[in-house]
Amino acid sequence: MTDAIDNTETLNRRTVLTAGAALLAAGTLGLPKMAHAADPFTLMKLPYGDKDLDPVISANTMGFHYGKHHKGYVDNLNKLTAGTPHADQSLKDIVKDTYGKSDKVAIYNNAAQIWNHDFYWHSMKPNGGGEPPAALKKLIDSSFENVEALKKEMITAATGQFGSGWAWLVAEGTTSAKLKVIKTSNADTPFTSGLRPLLVIDVWEHAYYLDYQNRRADHVTAVVNKLLNWEYALTNLSQPA
Ligand SMILES: [Fe+2]
C-alpha cells in the first residue's frame, strides 16, 4: 500500500517535472501555440427559449431544426469555405456571388440556408400573430385589401409550395413599397431578385414533420395566426434589398 502511494507520488512529481521542462523548452525555442482560428460562420443565438413557441413548434422540433439542421448548414459552410475568399465575406455577399453558378452550388445552398434560417427564427415570436403595427397595417391594406387577406395568401403559398422551400412576405420598390407574397424552392431567397424580405415561413418537412407529420396546412396556419412577428417585418421594411 505504501509502495503504491510512493509510486504515485513519484509519478506525479515526474509528470510535473517533465511538463515543466517541456513548457520551458517551448518558451525558449519559441514554438508556435496550438491555437485554432475561429470559424467565420456561427450559429445564431435564438431570440427565445426552445419551449417558447410550443405548442405550435415543440422543443423537440426546435432541437432538431435549430440544433441539427441549421447548425449543419453552418458547419458545412465553414468546411466548404475554409481557406477561400468566401470565408471573409458576409453571408449575403456569398449568396449573391454564388447564385446560379454551377461550380458553387454547395456553398450557395449552405450560405443561403443559414441566411434563410437566421431570418426565419426572427420572423416568429411567442404570442405573435394578431394585429400588425399601424404603419405596416396601412401598407398591408393597400397591397392585399386587409390583414386577413394577407394571412390567407401566406397560408396558401406555404401550403402550396411543391417540395422543400419557403413562403415569404416581401416588399418591392424603393419609394412607395408594394407588398407581395412569394414562394421560393429549396435554399432560394428573395434578395437575389432584388426583393426585400419582410417575413418567412419555412416549409421544409424538417420544420413541422415531428409535430404535424403530413399536415403542413395546419402547421402554417398556426404559425401565421400565433407566431408571426409583425414588428420584425416593419423593421425589415427599412432595410435595403
Ligand atoms: Fe429549416
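Asn186 sits in the loop between β2 and β3 (196-202). In this predicted model, its phi is near 50°, a positive value in a residue other than glycine. Most residues other than glycine have a negative phi, and most peptide bonds are trans. Asn186 has 13 C-beta neighbours inside 10 Å, so it counts as partly exposed.

A second residue of this kind is Gln213. Its phi is positive, about 50°, although Gln213 is not a glycine. Gln213 belongs to the loop between α7 (209-212) and α8 (216-226). Gln213 counts as exposed because it has 11 C-beta neighbours inside 10 Å.

The backbone has another feature to check at Pro55. The peptide bond from Asp54 to Pro55 is cis, with omega near 10°. Pro55 is found in the loop between α1 (2-29) and α2 (59-81).

Now step back to the whole chain. The protein chain has 9 helices and 3 strands. In sequence order, the pattern runs α-α-α-α-α-α-β-β-β-α-α-α. Of the 241 residues in the protein chain, 31% are buried. Take the contacts between residues at least 6 apart in sequence: 69% of them join residues at least 24 apart.

How does confidence run along the chain? The mean pLDDT of the protein chain is 87, and 83% of its residues reach 70 or more. Over residues 1-36, however, the pLDDT is below 50. Beyond near neighbours in sequence, that stretch has 1 contact in the model. Where pLDDT is low, the predicted coordinates should not be read in detail.

Which residues touch the most other members of the largest nonpolar core? They are Ala111, Met154, Ala167, Leu169 and Ile201, in a core of 52 residues. Helix α4 (residues 105-122) supplies the largest share of this core, 9 residues. Domain 1 (59-122) and domain 2 (134-237) each contribute at least three residues to this core.

Residues up to four places away in sequence are left out here. Ile201 then touches Met154, Ala158, Trp166, Ala167, Val220 and Val223. Met154 and Ala167 are also among the core members with the most contacts to other members.

Helix α3 (residues 91-98) shows how burial is arranged on a helix. Its buried residues are Leu91, Ile94, Val95 and Thr98. Seen down the axis of α3, these buried residues fall within an arc of 100°, so they line one face of the helix. What covers them includes α4. Just after α3, Gly100 takes a positive phi of about 80°.

Lys178 lies in strand β2 (residues 178-185). Is Lys178 buried or exposed? Lys178 has 11 C-beta neighbours inside 10 Å, so it counts as exposed. Leaving aside neighbours within four places in sequence, Lys178 is in contact with Ser143, Glu172 and Gly173. Ser142 also belongs in this picture. Lys178 and Ser142 are 36 residues apart along the chain, and their C-alpha atoms are separated by 8.1 Å.

Notes. Residues numbered from 1 in each chain as written. Predicted model: local features only at pLDDT ≥ 70, side-chain atom pairs only at ≥ 80, totals over all residues. Core = buried A, V, L, I, M, F, W, Y, C linked by C-beta atoms within 7 Å. Buried ≥ 20, exposed ≤ 12 C-beta atoms within 10 Å, placed from the backbone. Helix = DSSP H or I, 4+ residues; strand = E, 2+ residues; numbered from the N terminus. Domains from an automatic or database assignment. Contact = placed C-beta atoms within 7 Å. Arc of directions from axis to C-beta. pLDDT = per-residue confidence, 0-100.
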